[in-house]
Amino acid sequence: MWAGPPGGGGGGGVRGAAARVVKQYERGVVFRFGRLRQEIRSPGFTMIVPVVDRLHKVNMQIVTMPVPAQEGITRDNVTVRVDAVVYFKVVDAADALVRVEDYKFAVSQMAQTSLRSIIGKSDLDDLLSNREKLNQGLELMLDSPAMGWGVAIDRVEIKDVSLPETMKRSMARQAEADRERRARVINADAELQASRKLAEAAEVMSEQPAALQLRLLQTVMAVSAEKNSTLVLPIPVELLRFLERATPPAPEAVGGEPAGEVEALSPAPPLSEAYLKGRAAAEDAIEDLTGVSVDPAQREQAN
């Protein structure tokens, strides 16, 4: 095998084994005979001692790690499944290699246990509506041990909260009942306001009777504008009251009795002499023709 030009091939191979390139988002950690070198290699070209040194590159970018869904029971005894996502990055490359075997696996396991713990300490309403506070609590729980590993937690967010179907139906019924209650309250409030406005309008119309007639004409105009074949014309209540006031009361006799009864009890006026003579002549003529007396008393005697 050809190793290069005479007198310089061996040196070129050694230099090639000693040359390393560290990328911009990485840091180089050197172990010499297994011992950590304090100098951290910055991005760019660097040299190490072949066979003696070992260079480990550590990624300094922010890592996005999903936390598997964890099932737990909340403080108000509701079974839920919660999953989250953790954003973290390495701030000390040497500690991330020396102090923990696999910092990514360690952060993942710690995030799962912390998520279970936060589920047991929280109510269902907090998991659904107060996630910002829970995210901050999770971040504090993860950041304290992670700093000892050379890792900084950038952000923790709860992604989804899964509820049982029975709980979803119960929450839907509760929300529907609450909306119905608010609708009834709003409707009652509207009726109260409308009644107050109608009372004020009635007071104004009672002071000005012509206003009621104008309002009636406006109503008729609104109904006739719709091209209806039947027009209902209401009679104003004020007109009925006016007719009632215009009707004279019945006269009363002395003692509080109606006049009709007094007239019935009073004796009939005396008959005139001419009327009596004519009546007697008529009765005699009838008796001559029929032979029957017209006088009721005589007719009974005859029978």
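## A quick tour of this chain

The chain exposes about 22,200 Å², with carbon and sulfur atoms supplying 56% of that area. Keep in mind as you look around that this is a predicted model. Its secondary structure comes to 11 helices and 8 strands.

**The chain as a whole**

- Of the 303 residues in the chain, 22% are buried.

**Where two helices meet**

- Have a look at helix α6 (residues 165–207) and helix α7 (residues 209–224), whose axes come within 4 Å and cross at roughly 115°.
- On the α6 side, the contact is made by Met205, Ser206 and Glu207, while α7 brings in Pro209, Ala211, Leu212 and Arg215.
- Sorted by class, this contact of α6 with α7 has 4 nonpolar residues, 1 polar residue and 2 charged residues.

**Rings and charges**

- What you can find is the charged end of Arg155 sitting over the ring of Tyr87, 5.7 Å from the ring's centre.

- Met47 is part of strand β4 (residues 44–47). Met47 and Arg20 are 27 residues apart along the chain, and their C-alpha atoms are separated by 5.9 Å.
- Met47 counts as partly exposed because its relative accessible area is 40%, which falls between the 20% and 50% cut-offs.
- Gly148 belongs to the loop between α5 (131–147) and β8 (151–162). From Gly148 to Asp95 it's 53 residues in sequence and 7.6 Å in space, C-alpha to C-alpha.
- Gly148 is partly exposed too, because its relative accessibility is 38%.

**Two loop residues with positive phi**

- Phe33 has a phi near 55°, a positive value in a residue other than glycine. You'll spot Phe33 in the loop between β2 (26–32) and β3 (35–41).
- Phe33 has 67% relative accessibility, so Phe33 counts as exposed; the cut-off for that label is over 50%.
- Val51 also isn't a glycine, and its phi is positive, near 70°. Look for Val51 in the loop between β4 and β5 (53–59).
- Val51 is exposed as well, because its relative accessibility is 71%.

Methods. Residues are numbered from 1 along each chain as its sequence is written. This is a predicted model: local features need pLDDT of at least 70, side-chain atom pairs count only at pLDDT 80 or more; totals for chains, interfaces and linings use all residues. Side-chain values use heavy atoms; hydrogens and water are left out. A charge sits over a ring if NZ of Lys or CZ of Arg is within 6 Å of the ring centre and within 35 degrees of the ring normal. Axes are lines fitted to C-alpha atoms, for helices over the stretch in contact, and angles run from 0 to 180 degrees between N-to-C directions. Contact means heavy atoms within 4.5 Å. Ala, Val, Leu, Ile, Met, Phe, Trp, Tyr, Cys and Pro count as nonpolar, Asp, Glu, Lys and Arg as charged, and the others, Gly among them, as polar. Buried means under 20% relative accessible area, exposed over 50%, partly exposed in between (1.4 Å probe, protein chains only). Accessible areas come from the Shrake-Rupley method with a 1.4 Å probe; for residues, only the protein chains shown count as cover.
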